[in-house]
Amino acid sequence: MKIYSFILAILLSFNTAVHAQTGAASLYQDLGNEAGISKIVDESIIIFLQDARIKDTFKETNIPRLAQLLKEQFCVISGGPCKYSGDDMKVVHQGLGINAAQFYALAEDVQIAMDKLGISSATQNRLMALLAPMKRDIVFPKPRT
Ligand code: HEM
């Protein structure tokens with residue numbers, strides 16, 4: 001009898017693992033796959049560059065490169081079949097002096113872009129939940145003077 005419950009436990013955990021995988025893949029699908037993510041990023045960047053709270057940070061940024069890398073990154077974190085070829089988040093953002101308000105401003109702009117593209121708020125929230133923990137690699141405490 002014991003062996004049956006053991007096999008059952010293995011089958012159940014396999015089932016959970018499969019669900020976890022398809023769950024991740026479905027955010028990528030819900031965002032509209034590669035084409036949908038591409039639109040989200042392009043639309044977001046237009047908004048970043050008009051947003052007085054953050055636009056100056058991007059003055060010297062290679063925008064086509066940023067767009068490409070954000071597309072790769074959103075694809076990866078949403079469970080899509082991509083590779084991120086950019087630099088480490090901490091290394092990239094350290095020294096840019098980004099504060100928490102600016103982090104939230106950028107996240108809000110991504111949501112405005114998704115609203116514009118008709119992405120449901122449930123799907124938006126799933127992407128936001130994946131972006132939120134990146135704050136610790138983007139906003140650094142001010143050095144003591
Ligand atoms: C979850 C939020 C964020 C994500 C996922 C993110 C992602 C990225 C990625 C993938 C890159 C390209 C990395 C590379 O060049 O190799 C990048 C660069 C950059 N990000 Fe962010 N970022 C976030 C938040 C922010 C915020 C809040 C700001 C400013 C308000 C910002 C400003 C920049 C700038 C200026 C660059 C270009 C740096 C350079 O070219 O040296 N980022 N970011």
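Author: A residue is called partly exposed when its relative accessible area lies between the two limits, under 20% being buried and over 50% exposed. The model is predicted, and the count of salt bridges in it comes to seven.

One of them joins Arg-126 to Asp-30, with 2.8 Å between the closest N and O atoms. Because Arg-126 belongs to helix α6 (residues 121–131) and Asp-30 to helix α1 (residues 2–30), this pair ties together parts that are 96 residues apart in sequence. Both partners are partly exposed, Arg-126 at 32% relative accessibility and Asp-30 with a relative accessible area of 39%.

In another, the side chains of Glu-43 and Lys-116 meet at 3.1 Å, N to O. Glu-43 lies in helix α2 (residues 33–48) and Lys-116 in helix α5 (residues 100–116), so parts 73 residues apart in sequence are tied together by this pair. Here Glu-43 is buried, with a relative accessible area of 18%, whereas Lys-116 is exposed at 63%.

Helix α5 also holds Asp-109, which forms a salt bridge with Arg-53, the closest N and O atoms being 3.6 Å apart. The two are 56 residues apart, and the pair links distant parts of the chain, with Arg-53 placed in the loop between α2 and α3. Asp-109 is buried, its relative accessible area being 2%, while Arg-53 is partly exposed at 42%. Through salt bridges that share partners, Asp-109 and Arg-53 are joined with Asp-51 and Glu-108 into one network.

Methods: Residues numbered from 1 in each chain as written. Predicted model: local features only at pLDDT ≥ 70, side-chain atom pairs only at ≥ 80, totals over all residues. Heavy atoms only, no water. Salt bridge = Lys/Arg side-chain N within 4 Å of Asp/Glu carboxyl O. Helix = DSSP H or I, 4+ residues; strand = E, 2+ residues; numbered from the N terminus. Buried < 20%, exposed > 50% of the residue type's maximum accessible area, 1.4 Å probe, protein only.
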